[in-house]
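Visitor: Could you walk me through how to read a helix and its surroundings in a model like this?
Guide: Gladly, let's take a look together.

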Amino acid sequence: ESLDLDEVGTVDPSDLKEFVMDVLRTKNDDGEEEDVDPRDVMPYAWNRLEQKESGGGTYDARAFKKWLIAATKMSADGSNSRLR
């Protein structure tokens, strides 16, 4: 799936939020869909995304890459279950 649907070289924060929420949607043991809160997985990057959206900005390729690096960094917080 492409994030730059308009092919203008920018990514709209609302499109990115929708994409992330879709990726984080999982199925529980009963086969029902559950949404994972992105604030639990990538709090810093999600906050930056919400700030960009509220400010009406977009991400160019360079800014998007920086955001993506922040989004994929794992927290050293002991509550991060991916570290166990």
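**Reading a helix and its neighbours**

Guide: Let's start with Trp67, which is found in helix α4; helices (H or I, at least four residues) and strands (E, at least two) are DSSP runs, numbered from the N terminus. This is a predicted model, in which local features need pLDDT of at least 70 and side-chain atom pairs count only at pLDDT 80 or more, while totals for chains, interfaces and linings use all residues. Residues are numbered from 1 along each chain as its sequence is written, and side-chain values use heavy atoms, with hydrogens and water left out.

Visitor: Is Trp67 buried or exposed?
Guide: Buried means under 20% relative accessible area, exposed over 50%, and partly exposed in between (1.4 Å probe, protein chains only). Trp67 has a relative accessibility of 6%, so it counts as buried.

Visitor: Which residues is Trp67 in contact with, beyond its neighbours within four places in sequence?
Guide: Contact means heavy atoms within 4.5 Å. Setting those neighbours aside, Trp67 touches Leu16, Val20, Met42, Ala45, Arg48, Leu49 and Tyr59. Arg48 lies 19 residues away along the chain, with 7.9 Å between its C-alpha atom and that of Trp67.

Visitor: Which residues of α4 are buried?
Guide: The general idea is that an α-helix has 3.6 residues a turn, so residues three or four places apart point the same way. In α4, the buried residues are Phe64, Trp67 and Ala71. They are on the same side of α4 because they cover an arc of only 65° around the axis, taken from the directions from the helix axis to the C-beta atoms. Arg62, Lys65, Lys66, Ile69 and Thr72, on the other side of α4, are exposed.

Visitor: What covers the buried residues of α4?
Guide: The cover includes β1 (10-11), α1 (13-24), α3 (43-54) and β4 (59-60).

Visitor: How do α1 and α3 cross?
Guide: Axes are lines fitted to C-alpha atoms, for helices over the stretch in contact, and angles run from 0 to 180 degrees between N-to-C directions. Here the axes of α1 and α3 come within 9 Å and cross at roughly 145°. Pro13, Ser14, Leu16, Lys17, Val20 and Met21 of α1 make the contact with Trp46, Leu49, Glu50, Lys52 and Glu53 of α3.

Visitor: Where is Lys17 found, and what is it in contact with?
Guide: Lys17 is found in helix α1 and is buried, with a relative accessible area of 17%. Apart from neighbours within four places in sequence, Lys17 is in contact with Trp46, Leu49, Glu50 and Glu53.
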